Amino acid sequence: MKQTSKGKIWGWAGGILLVLLLAGYAGWHFLKKNLANPKNTAAKEAITDQLKKLVTEASDSLYHIEYDHFEVNIDAGKGLITNFKLLPDSAVYQRLLAARKVPNDVMRIVADSLILDQFGFAKTPQGRRFNIAGMTMKHPQIRIVNKRLAYNDTINAEKAAHPPALVKMMKGILKITSIQKLNISNLNFTFVNQNESKEKTTSLKHLNILMDGFTCDKLADPKDTSKKTLFAKVQLCRISTPDSLYRLNFKNIYFSPEQKTMSVNEVSLVPRLDKVAFYKAAKFDKDRIHLVYNNMVMRNIDLKHFLQRQEIHIGSATIGSSWGEVFNNYNWPKRTPPLRPEPFPHQKLQQLAFDITIDTMKMHKGYFKYVIAAQKSEENATLFLTNSEGLFLNITNNTAVKKRNPYAFANMRAKMMGAGDTHMSYKFNLASKNGAFSNTIEMGPMDGTALNPLAKPLAMMAIQSAKINKMLMQIDATDRGAKGNLDLYYTNMKVALLKHDDKNDDLKKRGLLSFLTNTFMPNDNPKKNGKFRKGPINVTRGPRESFFGLLYKCSMDGMSSAIMGFDQHKQKPNENIVVKALQKKNH
């Protein structure tokens with residue numbers, strides 16, 4: 001079998017699915033009469049022998065299958081394989097390598113059991129279909145080693161015109177197959193990328209995957225009812241994370257290889273536990289994340305490039321609307337291990353063994369809020385962005401793409417606290433060894449009291465009046481720290497310092513301290529004499545600090561200096577800088 005065709009059939013994790021389908025299809029289509037007699041073990045042996053022969057011949061003897069038990073019951077529509085193994089032969093690999101026939105991907109699959117339930121042919125409006133009520137894979141372990149070889153990058157006329165018989169068979173089976181439910185329990189998946197000077201490995205362990213309603217059929221092109229195009233549809237794909245804290249859901253997936261598009265009605269990351277139970281399970285101040293993305297569409301998916309080089313290249317991606325909440329409870333102990341040596345999103349992307357590039361991604365109609373259960377105030381502090389629009393360029397970890405352009409860009413516009421027009425831009429150096437990036441935030445005029453949902457619980461300070469005319473923040477950062485500046489232009493700032501009232505379980509004003517604060521604190525920036533206080537930023541990133549944690553520390557450092565002229569305590573970013581400044585003035 002030629003390499004390009006082998007890559008299509010045996011590449012990635014599809015081997016298990018195809019072997020199961022082939023087992024059921026072969027049992028029904030070829031040997032139904034003989035298998036009707038459950039005592040006819042010769043027919044069952046013929047199926048297993050045929051399966052082994054097909055796998056061996058299709059892979060030029062690179063792969064062989066093993067199992068402890070194989071059972072097919074046509075009358076009941078059931079199939080079972082236990083201790084299934086799809087194994088490569090290292091000696092054959094070396095022979096095929098010398099003959100320039102070895103595939104880019106070499107994989108090893110082991111599963112405790114593979115189960116088919118209620119399978120058989122049925123007549124449907126779309127024609128005769130091979131229906132499967134349920135497929136189950138228990139504890140599959142899949143390991144794929146990818147090393148791209150130049151001679152696999154081309155498909156000559158002979159390869160294209162004469163695909164192997166197994167390829168033709170599998171294409172036919174997939175086009176007439178419908179699976180109501182696919183359940184993969186306790187999956188361990190490892191992908192090894194050996195295409196760079198330093199090998200990269202990505203492992204996903206103890207995943208549980210549920211997929212409902214898989215079909216592959218010819219459907220009418222929405223733009224041209226006279227044309228039929230191939231679509232694969234999945235009603236629901238649900239992945240449970242290993243820590244049992246989240247479910248990742250994909251609803252209504254439509255994939256058209258002919259149109260090179262894939263759409264998903266909804267992608268969501270949903271916590272499985274409420275906030276109280278979540279922190280009892282996590283046991284530290286871990287971010288609790290809840291995200292929903294609607295109407296996601298990916299266009300210009302380069303399938304040829306994927307099949308030949310196993311590189312994912314998406315021309316454009318669009319998200320119609322989004323909603324997100326990140327919640328953190330500061331009453332729980334801080335995270336201790338592990339350290340965060342490469343904490344930034346563009347650094348995490350470079351660590352992935354999967355080779356991926358998205359040229360352009362747009363996000364529309366976004367809402368996002370960051371909520372903190374503050375310890376001192378015993379109330380929730382909320383920072384939120386509304387009506388956000390985002391544009392992301394050159395999202396990649398591909399070496400060739402990074403050589404042409406080593407920078408990724410993110411630009412977002414939103415309403416800060418639903419009031420101030422805000423523009424945020426990021427420039428990420430994808431080739432940097434220390435995670436270098438720059439960030440600029442510009443916010444237009446807004447009523448300062450709109451910041452109270454954040455300031456009152458977190459800083460124990462209420463803004464009674466303030467007109468913020470403009471805010472401009474700029475930083476240059478690495479994974480060691482950040483330097484920059486925050487310029488804040490405002491007039492008529494009056495604040496009230498607060499304390500927690502145990503009797504009424506709320507916050508009340510500290511009268512004398514608030515009076516002294518407003519007396520000594522500059523109410524305008526620049527002052528009436530024209531003197532302007534800048535907000536220098538110079539922070540060191542803690543070894544356990546996240547990307548957003550660093551940005552928060554930068555904003556606190558610059559804001560405190562711009563308002564009071566005193567640097568925020570680097571190790572105590574939650575300290576009330578107003579009280580600190582007042583104490584210094586009274587001395």
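**Close-up views of a predicted model**

**Figure 1. Surroundings of Asn 439.** Beyond the residues within four places of it in sequence, Asn 439 is in contact with Ser 425, Tyr 426, Met 473, Gln 474, Ile 475 and Leu 551. The model shown here and in the other views is predicted. Asn 439 belongs to strand E18, which covers residues 437-443. With a relative accessible area of 1%, Asn 439 is buried; the cut-off for that class is under 20%. A polar atom of the Asn 439 side chain lies 3.1 Å from the backbone oxygen of Ser 425.

**Figure 2. The largest nonpolar core and the contacts of Phe 437.** The largest nonpolar core holds 99 residues, and those touching the most other members are Leu 86, Tyr 426, Phe 437, Met 473, Ile 475, Leu 488 and Cys 554. Strand E20, residues 461-478, gives the most to this core, with eight residues. Another core, of eight residues, lies apart from the largest one, and its members include Tyr 246, Tyr 279, Phe 327 and Val 371. Setting aside its neighbours within four places in sequence, Phe 437 is in contact with Phe 344, His 346, Tyr 426, Lys 427, Phe 428, Ile 475, Asp 476, Ala 477, Phe 547 and Leu 551.

**Figure 3. The second largest pocket.** About 680 Å³ of space lies in this pocket. It is lined by 20 residues, of which Lys 200, Gln 350, Lys 402, Leu 430 and Lys 433 are the closest to its centre. Helix H9 (345-351) and helix H10 (399-404) are the elements that give two or more residues to the lining. H9 gives the most, with four residues. By residue class, the lining divides into two nonpolar, nine polar and nine charged.

**Figure 4. Val 267 in strand E11.** Strand E11 covers residues 261-271 and includes Val 267. Val 267 has a relative accessible area of 9% and is therefore buried, the cut-off being under 20%. Neighbours within four places in sequence aside, Val 267 is in contact with Leu 248, Asn 249, Phe 250, Leu 291, Val 292, Tyr 293 and Met 296. The C-alpha atom of Val 267 is separated by 9.9 Å from that of Ile 319, and these two residues are 52 residues apart along the chain.

**Figure 5. Ile 239 in strand E9.** Ile 239 has its place in strand E9, residues 224-240. Its relative accessibility is 18%, so Ile 239 counts as buried. Not counting residues up to four places away in sequence, Ile 239 touches Leu 207, Asn 208, Ile 209, Tyr 246, Arg 247, Leu 248 and Phe 250. Ile 239 and Ser 185 are 54 residues apart along the chain, with their C-alpha atoms separated by 9.9 Å.

**Figure 6. The ends of helix H4.** Asp 89 caps the N-terminal end of helix H4, residues 90-98. In this cap, a side-chain oxygen of Asp 89 lies 2.9 Å from the backbone nitrogen of Ala 91. Arg 100 follows H4 and has a positive phi, near 60°.

**Figure 7. The chain from which the views are taken.** The chain contains 14 helices and 23 strands. Of its 587 residues, 47% count as buried. Among contacts in the chain with a separation of 6 or more, 63% are between residues 24 or more positions apart.

Methods
Residues numbered from 1 in each chain as written. Predicted model: local features only at pLDDT ≥ 70, side-chain atom pairs only at ≥ 80, totals over all residues. Heavy atoms only, no water. Core = buried A, V, L, I, M, F, W, Y, C linked by side-chain atoms within 4.5 Å. Buried < 20%, exposed > 50% of the residue type's maximum accessible area, 1.4 Å probe, protein only. Contact = heavy atoms within 4.5 Å. Polar contact = N/O pair within 3.5 Å; in protein donor to acceptor, adjacent residues only side chain to side chain. 1 Å grid on protein atoms, 1.4 Å probe; cavity = no way out; pocket = protein on both sides within 12 Å on 5 of 7 lines; lining within 4 Å. Points joined across faces, edges and corners; volume = space filled by probe spheres on them. Nonpolar A, V, L, I, M, F, W, Y, C, P; charged D, E, K, R; others polar.
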